[in-house]
Every structure is written in C-alpha cells, then in structure tokens.
Amino acid sequence: NIIILIIIAISCKRYDNDYLKYFDGKESVYPGLVKNLSYRAGNLRTVLTWSPSPDPSVTKYTVTWNNGQDSIVLPATSHNPEDTVSVTVPDLSEYVYSFVVRSYDDKGNRSIGQEINNVRVYGTAYRNTLLNRNINTANPYVYADNGVLTLNFAKADSSNISTVITYTNTSDAPEEKVLLRDEEVVTISNYKAGTTISYRSSYKPENSAIDT
C-alpha cells in the first residue's frame with residue numbers, strides 16, 4: 001500500500017503552466033478593447049471614431065488599412081468610455097475600405113484587431129453622378145410688376161443639402177440666396193432684370209458625412 005501511494009503522489013504533477021514553453025515562458029497580455037467603433041464618410045478621406053478602452057495600461061492606438069501597409073498611430077489620452085476618440089485618415093482613394101484598430105500598452109503588448117468594414121470614401125466618381133436640383137418646369141418663376149422675382153424648384157433629393165442661387169442685384173453686384181432642402185421657393189426683391197441667374201446644388205453622400 002505504501003508503494004502504491006508513492007507512485008500516485010509522483011504521478012500527480014501539475015501541468016497548468018506548461019503552455020508557457022510555447023511563448024518563451026511569457027504569458028500573452030491583451031490590452032483592453034475600444035467600443036462603439038464607427039466612421040464618417042468624406043471626400044478622399046474618412047474619420048474613424050470610438051469610445052476609448054477603460055484599460056489604464058493602454059498608451060496608444062494604431063489604425064491600419066490596405067492589409068496593414070498603411071497605418072496611423074495616436075496616443076491614448078483618455079480611458080473614460082464616455083469620451084470619443086476621433087482620427088482623420090487623409091489622402092485616400094475613392095474606394096470601400098476596411099480598417100483595423102488595436103490598443104497597445106507601454107510594454108508593446110497589443111489587443112486583438114477590431115475591424116470596421118465597408119467604409120466608403122467618396123470622390124470624383126460620386127461627384128460626377130450629381131445633378132443640380134430640378135426647377136419646377138410647370139411654373140419655373142414669376143416676375144411681378146413690382147420687380148420681385150420668385151424662383152420655383154421641384155422637391156429636393158434626400159441627399160441634397162442646399163442650392164445656392166447667384167444673381168446680379170440692382171446695384172450691379174453679385175449676390176447669393178440659399179435654398180435649403182425642405183424649401184421650394186426663393187424670392188429675390190433686388191434682381192436686375194435681364195441678367196443671368198445661376199445655381200449650384202450641394203449634397204452629402206451619407207447623413208453623417210464630414211464633407212459636402
């Protein structure tokens with residue numbers, strides 16, 4: 001019986017740390033993750049936003065794209081999850097991107113990559129699809145006897161922000177009026193009869209876009 005107990009005692013060896021031999025004897029440390037990762041579309045750029053990691057060991061973040069070939073590094077200035085971190089990624093092509101955000105601590109440990117996909121960046125191709133807001137073809141304008149000119153426009157597209165009307169006033173100076181998306185009528189009381197009126201519409205490709 002004594003011999004059997006000795007054999008059992010010898011065989012009860014702990015193996016819970018054996019995995020460390022695969023990591024050069026070191027444990028892998030993963031700094032805390034960010035939350036609410038999002039983006040705002042732009043003209044050949046984008047803005048990424050997130051709530052900072054509450055992990056106090058986090059000292060910086062990296063943003064990578066193009067399969068890790070391009071990157072931006074920014075310091076972690078807050079660990080309050082109610083704050084917002086914002087970083088502009090400039091000089092992009094008109095394309096749909098994927099970005100990866102990682103947290104780092106002061107020992108160089110990094111978190112797992114958090115990916116944000118389908119980030120659209122806009123440019124010339126999008127701009128070339130845009131048209132000026134339509135006028136009301138059935139009743140484009142009314143020029144009253146008192147010299148007041150009323151311009152009538154059709155209902156605006158949902159992505160339209162505004163339309164700027166440029167005209168010459170009675171003092172021979174250029175002047176502008178702004179027609180917002182929800183408006184359909186512009187009244188000009190000082191229009192110089194017989195002069196050219198031009199207009200240009202502005203659009204946002206997405207409601208949260210940073211560029212018009």
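Is Lys-107 buried or exposed? Lys-107 is exposed, at a relative accessible area of 69%; here buried means under 20% relative accessible area, exposed over 50%, and partly exposed in between, with a 1.4 Å probe and protein chains only. The model is predicted, so local features need pLDDT of at least 70 and side-chain atom pairs count only at pLDDT 80 or more, while totals for chains, interfaces and linings use all residues. Residues are numbered from 1 along each chain as its sequence is written, and side-chain values use heavy atoms, with hydrogens and water left out.

**Strand pairing**

- An open sheet is formed by three strands in the order β11-β10-β13, with antiparallel pairing; strands pair if DSSP finds at least two bridges between them.
- Strands (E, at least two residues) and helices (H or I, at least four) are DSSP runs, numbered from the N terminus.
- At the edges are β11 (174-180) and β13 (198-203), each of which pairs on one side only.
- From one strand to the next, the twist averages 20°; axes are lines fitted to C-alpha atoms, for helices over the stretch in contact, and angles run from 0 to 180 degrees between N-to-C directions.
- Six antiparallel bridges join β10 (residues 160-168) to β13, and Asn-160 has Tyr-203 of β13 as its bridge partner.
- Leu-130 is located in the loop between α2 (124-127) and β8 (141-143) and is partly exposed at 29% relative accessibility.
- The C-alpha atoms of Leu-130 and Ser-202 are 8.7 Å apart, although 72 residues separate the two along the chain.

**Salt bridges**

- There are three salt bridges in the structure, each defined by a side-chain nitrogen of Lys or Arg within 4 Å of a carboxyl oxygen of Asp or Glu.
- Asp-211 and Arg-45 form one of them, with 2.8 Å between the closest N and O atoms.
- Because Asp-211 lies in the segment after β13 and Arg-45 in the loop between β1 (35-41) and β2 (46-51), this pair ties together parts 166 residues apart in sequence.
- Asp-211 is buried at 17% relative accessible area, whereas Arg-45 is partly exposed at 30%.
- Lys-192 and Asp-172 meet through their side chains in a salt bridge of 2.4 Å, N to O.
- Lys-192 lies in the loop between β12 (185-188) and β13, and Asp-172 in the loop between β10 and β11, so the pair ties together parts 20 residues apart in sequence.
- Lys-192 is partly exposed at 32% relative accessibility, and Asp-172 is exposed at 53%.
- Lys-107 forms a salt bridge with Asp-106, the closest N and O atoms being 3.9 Å apart; Asp-106 is exposed at 61%.

**Aromatic contacts**

- Seven aromatic pairs are found in the whole structure; rings of Phe, Tyr and Trp (its six-membered ring) pair if their centres lie within 6.5 Å, and planes under 30 degrees apart count as stacked, over 60 as edge-to-face and the rest as tilted.
- The Trp-50 and Tyr-61 rings have centres 5.5 Å apart and planes at 70°, so this pair is edge-to-face.
- Trp-50 is in strand β2 and Tyr-61 in strand β3 (residues 58-65), eleven residues apart; both Trp-50 and Tyr-61 are buried.
- Tyr-95 and Tyr-97 are also edge-to-face, because their ring centres are 5.3 Å apart and their planes at 85°.
- Tyr-95 is exposed at 53% relative accessibility, whereas Tyr-97 is buried at 6%.
- One aromatic cluster comprises Trp-65, Tyr-95, Tyr-97 and Phe-99.
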